[in-house]
Amino acid sequence: MEKISVGVRFRPLASSCDSDSGRKWQISDKVISLCHLNTPVSGLTFSFDHVFDQSSSNVMVYNVLIKSIITAAIDGFNGTAFAYGQTSSGKTYTMNGSDKDPGIIPLAIKDIFDTIQKIPEREFLIRVSYMEIYNEEINDLLVLESQKLPIHESLERGVYVAGISEEIVSNAEQVLQLLVLGEANRHFGETNMNARSSRSHTIFRMVIESRAKEENSSKEDTITDAIRVSVLNLVDLAGSERIAKTGAEGVRLKEGKHINKSLMVLGNVINKLSEGGKLRGHIPYRDSKLTRILQPALGGNAKTSIICNVAPEDVHIEESRGTLQFASRAKRITNCVQVNEILTDAALLKKQKLEIEELRKKLEGSHSEVLEQVLLKQRNDMHKYELERDRLAMELEEERKARHDLEQRIFEQEKKIENLMNHSMSLHISSASTQFDSLKTPNFKQPSIDFVVRRPNYKELESSPIPDNFAGVADEDLWARLNNGRITDLDALQMTPSLPSQLFPSSKTSLDVRSNEELEKRRERLEEELDDVRKQNVVLTGQYSKLEEENDVLKEEKIGLADDVARLENERNQLKSEKQGLIKELREEKRKLNDLRDEVRHLIAAFSQREVMLTSLCTKSRAIVENIKTAPIAPPE
Ligand SMILES: Nc1ncnc2c1ncn2[C@@H]1O[C@H](COP(=O)(O)OP(=O)(O)OP(=O)(O)O)[C@@H](O)[C@H]1O
């Protein structure tokens with residue numbers, strides 16, 4: 001638990017305002033008092049841990065209130081800093097600053113990048129978003145098209161703005177450029193109180209993710225396996241304003257109403273949170289978008305600093321008093337801050353192991369032997385599953401490799417077959433052309449190299465050597481060669497009708513056919529091999545999916561085990577509280593026993609006194625009796 005840290009900052013007096021009522025705020029160390037003619041007005045004295053007078057710079061405010069939040073954000077803790085105060089009190093000046101006096105946001109940006117430079121053992125990923133809440137609607141300040149964005153809530157992410165753009169950044173200059181872009185898109189307007197008044201609340205957000213670099217992560221260290229994610233919000237609120245004072249009309253009036261309403265809800269939330277635990281009741285976070293987005297910063301998991309800006313002029317005394325009361329309540333709020341770590345599977349397992357070990361230690365000396373045994377069993381099971389999981393992971397990896405090799409082999413075989421086919425085709429073409437050259441019939445038409453005839457109705461001879469996969473498409477030349485040099489029914493070849501059938505006498509033909517047959521055999525062999533490989537592949541695929549299924553089952557079992565551990569933890573806590581109850585009762589009994597002992601002691605003492613009294617009484621009585629006995633009895637007269 002950690003208190004929200006609150007500081008109050010007075011801006012310099014505006015040159016146009018002179019106080020003549022004799023009232024003014026006086027600052028003495030950490031105490032602020034409203035004085036009238038130098039005498040404190042009763043009930044208007046406030047004290048704070050951090051008070052900044054008119055002469056303080058933004059760097060001073062940053063160093064005292066914000067720097068620690070930035071360092072913590074880099075270490076994985078959520079952080080929020082916001083400026084609160086009436087209009088023209090210096091909120092935007094504090095957050096953004098000027099060229100000479102850079103504000104909280106530029107100082108934080110620079111600090112973040114300077115700091116992560118000094119942590120070489122971790123790698124960082126930083127994302128930036130910038131949004132405004134204008135008239136109760138959320139707009140993206142970095143992407144103008146993204147307007148009126150909704151707020152969603154999920155178990156994993158908590159409350160978040162859906163659809164907001166996030167820029168991944170790697171240096172301070174990049175972020176400062178985004179800041180300038182966002183500033184240009186933000187709603188400002190002129191009012192009676194401020195020539196450049198913020199008409200919206202703005203939230204500049206940096207999400208800082210980090211994890212240990214590979215070479216630094218030790219297998220035994222759970223923390224190094226975890227990814228830390230923290231959200232840093234730097235918020236410039238719009239200022240509350242009295243409509244009568246600002247004289248706002250039209251658009252300004254509408255804006256002013258929205259601003260005041262959301263600030264009122266913020267005030268209500270702060271009021272509720274500042275009340276003690278049981279008095280709190282319902283906290284109205286949901287009554288405004290501002291409080292919904294800032295929920296983690298107000299009583300949640302975040303380190304939070306609030307800078308309450310005050311306008312020192314006499315004319316603003318009422319508003320300043322409101323701001324100081326807000327600050328007094330805010331400083332009572334406590335947040336529950338913890339580092340945000342996302343655990344990888346390995347880290348989760350290690351963490352569970354450690355937790356079980358811790359539970360076991362805690363249970364030592366307790367009467368819960370049964371529980372301890374169960375825990376032991378759980379631990380063994382966990383270990384077993386862990387081993388099984390590792391084994392399966394290894395097997396899976398091997399299968400993957402084997403499958404990959406197989407695919408590679410199939411690919412190579414297919415390539416070989418393709419090459420062979422191409423080679424065989426080119427052989428046929430060249431030998432056919434040689435044959436036809438020797439034929440030299442005057443009517444014979446020279447076939448072109450890629451002359452292909454389709455014969456869908458052609459019935460193949462039983463002895464036809466045309467491979468099946470030619471699918472009825474054959475080069476005429478090839479056909480001639482494959483039919484042992486005979487041309488049969490080749491009317492489609494447009495040869496002279498006088499030569500329906502011709503024997504090719506060339507000895508080269510039989511050689512070619514032989515080589516063709518060899519090629520054919522080789523191709524068939526390769527195809528057989530290919531089939532085998534395919535079959536193997538099917539088997540391996542089956543095994544692979546089975547292993548994956550087993551892996552899924554193990555994962556489920558792991559989740560079940562984690563549930564068991566949580567349940568056991570609950571039981572342990574219950575037992576602990578029962579034990580504490582019993583110890584309390586025992587103490588009570590002991591106290592009663594001691595009381596009784598005291599009473600008995602008193603009674604014994606009283607009895608002894610009585611005994612002494614009685615004994616002396618008895619002695620006296622005896623003496624009297626003895627006296628009476630020994631005394632001479634006077635004869636009656
Ligand atoms: N500490 C300071 N030093 C010098 N000038 C300041 C300081 N604080 C505020 N100012 C000046 O006072 C004026 C009002 O300040 P600013 O705009 O920051 O107020 P604001 O609270 O953001 O107002 P609004 O809510 O209307 O946006 C500006 O001109 C600003 O430059």
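Start by selecting Thr-80. In this predicted model, Thr-80 is buried, with a relative accessible area of 2%. The cut-off for buried is under 20%, so Thr-80 qualifies. Thr-80 lies in strand β7, residues 79–85.

Now show what surrounds Thr-80. Setting aside neighbours within four places in sequence, Thr-80 is in contact with Ile-69, Asn-233, Val-235, Leu-294 and Ala-297, and also with Lys-303, Thr-304 and Ser-305.

Next, select two helices. Take α3, residues 104–117, and α4, residues 172–185. How far apart are their axes, and at what angle do the helices pack? The axes are 9 Å apart and the angle is about 155°. That angle makes α3 roughly antiparallel to α4, because the cut-off for this class is over 145 degrees. The crossing of α3 and α4 is right-handed.

From α3, pick Ile-105, Pro-106, Ile-109, Lys-110 and Phe-113. They meet Ala-172, Val-175, Leu-176 and Leu-179 of α4. By class, the contact of α3 with α4 holds eight nonpolar residues, one charged residue and no polar ones.

Last stop: cysteines. Select Cys-35, which is buried at a relative accessible area of 2%. Then go to Cys-308, also buried, with a value of 0%. How many disulfides does the model contain? The count is zero, where a disulfide would need a pair of cysteine sulfur atoms within 2.5 Å. A disulfide is a covalent bond between the sulfur atoms of two cysteines.

Technical notes:
Residues numbered from 1 in each chain as written. Predicted model: local features only at pLDDT ≥ 70, side-chain atom pairs only at ≥ 80, totals over all residues. Heavy atoms only, no water. Buried < 20%, exposed > 50% of the residue type's maximum accessible area, 1.4 Å probe, protein only. Axes fitted to C-alpha atoms, helices over the stretch in contact; angles between N-to-C directions. Helix = DSSP H or I, 4+ residues; strand = E, 2+ residues; numbered from the N terminus. Parallel < 35°, antiparallel > 145°, perpendicular 65-115°, else oblique. Left-handed = near helix turned anticlockwise from the far one by under 90°. Contact = heavy atoms within 4.5 Å. Nonpolar A, V, L, I, M, F, W, Y, C, P; charged D, E, K, R; others polar.
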